[in-house]
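Please look over the model below before reading my notes.

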Amino acid sequence: MLLIAVGQQGPTPVHPDTQGNAVYRPGAGPPDSAPPDVGPEVQILAGIASNWDARTRGLEATMRLHLWLALRDVHPTGPTLQWIPARPATRTGDPVDGACLAQELPPARSLGRNDPPLLGRSLRDRETIRVFLIVSSEIGLARYEVRVCTPGSRGTSQVFLSDVGREGPTLREMMAWLTARLKSPEVKPWFKTWSQPIAPDVAALRDYGQALAESMGDDTLPPALLEAAALLPEAAWVAAALSDDPLARRRLLERAAALRPGFTAALEDLAWEWSIAARPDLAMLTLSRLLSPERTRPSELLLAARMLEEGSPHDAARLLEELPPRWTETTAARRLEARARLASGDAEGARRAARAWTEANPGAAEAWLLRGDAERSLGEATSAEVAYGHALDRPSRLRAEVLTKWAVLHLERGRAATVVQALNEEDDAGLVESDPGLLALRAWARWRTDDVAGAAEDTVRLTELEPERVEHRRNLCVLALSAGTTEAPPEECGEPVFADLFGTLMEAVWLSRRPFRSPEEGGLLDQRVKTAAVAAPLAPSAAGAALRVLGPRATKEDLAALQARWQLARGTEPVNR
């Protein structure tokens with residue numbers, strides 16, 4: 001049958017083949033060199049089966065999966081694939097409303113690995129584009145409407161008609177139409193791959209599609225899908241994604257890669273399987289089987305990012321040393337290398353990577369942040385301060401993290417007044433008031449500058465932001481102690497707020513600053529200290545606890561009295577310190 005495309009716009013460019021069919025031809029220009037993570041986030045959603053029969057549901061499942069695989073070959077860091085059954089068409093209501101107009105979609109099961117962001121989760125908002133199919137069929141003929149939309153809009157659509165059994169060339173036409181809408185580069189891999197039918201015959205396609213649809217309903221792996229895995233590379237990949245057995249997953253992924261050389265999804269997932277099996281050498285060997293001259297997907301960077309996320313920075317750093325030339329100078333490569341080397345303890349290597357990044361892009365706040373981290377790890381406090389200062393001078397969503405590290409560095413260097421002044425700046429007031437870490441630093445800096453009232457004010461705010469954190473209430477007690485209050489302790493310092501050893505010791509310090517109201521009060525305290533000591537025999541000494549409570553205000557008499565009480569409660573002789 002003649003393959004045609006109808007709708008709002010036809011695929012471009014389109015050239016007739018020898019039979020007059022419309023067939024897309026990829027452009028012959030240079031490969032796209034845009035950095036990863038600058039394009040939109042693409043979600044392939046469950047589609048709509050206009051005919052609620054097994055044949056139509058199987059075709060929807062097949063085309064949804066294969067559209068995702070085709071996009072994965074060319075999309076730098078995605079897309080994501082929703083793996084739940086198709087929805088039936090309803091007689092009332094618009095089928096587009098639920099998928100396109102909703103700002104947020106309910107959580108749904110996905111299939112395959114989600115790629116980690118190469119430029120950081122907090123650095124940018126990426127546009128989200130949703131893609132789904134509306135499928136209808138009759139004997140021998142299928143109709144596919146491809147809908148593309150952003151949240152809150154109806155988007156645009158295109159209709160493709162095809163003989164059942166010619167889904168490969170149809171998919172190629174869909175990809176041609178989607179290229180501009182998803183901001184994907186025009187490349188050749190999917191053009192070559194989908195020149196042939198997906199399955200050898202209509203019967204095999206039917207069984208394969210119905211097995212895919214069945215696998216969407218639960219977590220089981222249908223036997224028919226395992227049978228198809230012996231013949232179809234995509235079936236082998238799905239079976240591996242659904243398998244709980246690491247050995248079976250590697251075997252199925254090897255089968256998929258053998259059936260289709262250069263199969264991006266299979267080789268990337270196989271490389272990850274070797275990585276979690278503690279064989280990074282085989283992971284790198286697996287990635288070398290990708291079609292390097294033609295691909296636009298930074299598979300090595302994606303694997304390195306996942307290694308870093310999963311706590312294998314040494315493996316990530318090794319992989320980054322083997323990057324193809326195309327990726328070595330990218331922002332993502334520099335970022336991952338600096339972070340991987342910092343996490344693996346190679347501060348000198350991290351400094352080199354971060355310095356190269358700041359020289360290539362002086363406006364990158366994260367580059368200066370990582371450079372400051374490296375300098376600080378090397379003991380270069382002055383250089384770290386300069387680097388953090390450059391990071392603060394540049395607008396960034398990382399400002400809270402940069403400001404935190406800058407403040408910690410200044411506190412370590414005895415500059416509490418400088419920290420108080422900086423965190424009181426009007427430009428950062430809202431950030432400090434809403435960030436518990438920064439608020440705690442300001443409270444500490446205020447206490448260090450004898451502003452006990454200001455420290456207490458910040459600590460009260462901390463108890464509001466994080467009511468479950470008992471240490472904030474403890475700190476209110478500490479602040480009352482440091483102010484030299486001699487009245488009865490506030491509720492934060494009294495029984496039964498702190499049943500643990502540290503709370504009891506704080507109460508002992510408090511009570512040691514005023515006379516006991518009665519002999520029973522002193523005896524009760526001694527008993528509480530004794531009980532706490534038995535429950536936590538490895539706790540720090542009373543002298544250490546008193547220092548934590550009173551800091552520089554703890555006098556020798558305070559420490560001696562508390563140490564004596566501590567030793568008495570434990571039944572040992574006092575120790576002079």
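1. Helix 16 is mostly covered, with 11 of its 13 residues buried. Buried means under 20% relative accessible area, exposed over 50%, and partly exposed in between (1.4 Å probe, protein chains only). Helices (H or I, at least four residues) are DSSP runs numbered from the N terminus.

2. A word on the source. This is a predicted model: local features need pLDDT of at least 70, side-chain atom pairs count only at pLDDT 80 or more, and totals for chains, interfaces and linings use all residues. Residues are numbered from 1 along each chain as its sequence is written, and side-chain values use heavy atoms, leaving out hydrogens and water.

3. Among the buried residues of helix 16 are Trp-368, Leu-369, Arg-371 and Asp-373. What covers them? The cover of the buried residues includes helix 14 (331-343), helix 15 (347-360), helix 17 (381-392) and helix 18 (399-412).

4. The length of helix 16 (residues 365-377) agrees with expectation, because 13 residues at 1.5 Å a residue should span 18 Å and the end C-alpha atoms are 19 Å apart. The expected span is 1.5 Å times one less than the number of residues. Gly-379 follows helix 16, and its phi is positive, near 80 degrees.

5. Which helix gives the most to the lining of the largest cavity? Helix 11 does, with three residues.

Definitions and conventions: Helices (H or I, at least four residues) and strands (E, at least two) are DSSP runs, numbered from the N terminus. Contact means heavy atoms within 4.5 Å.
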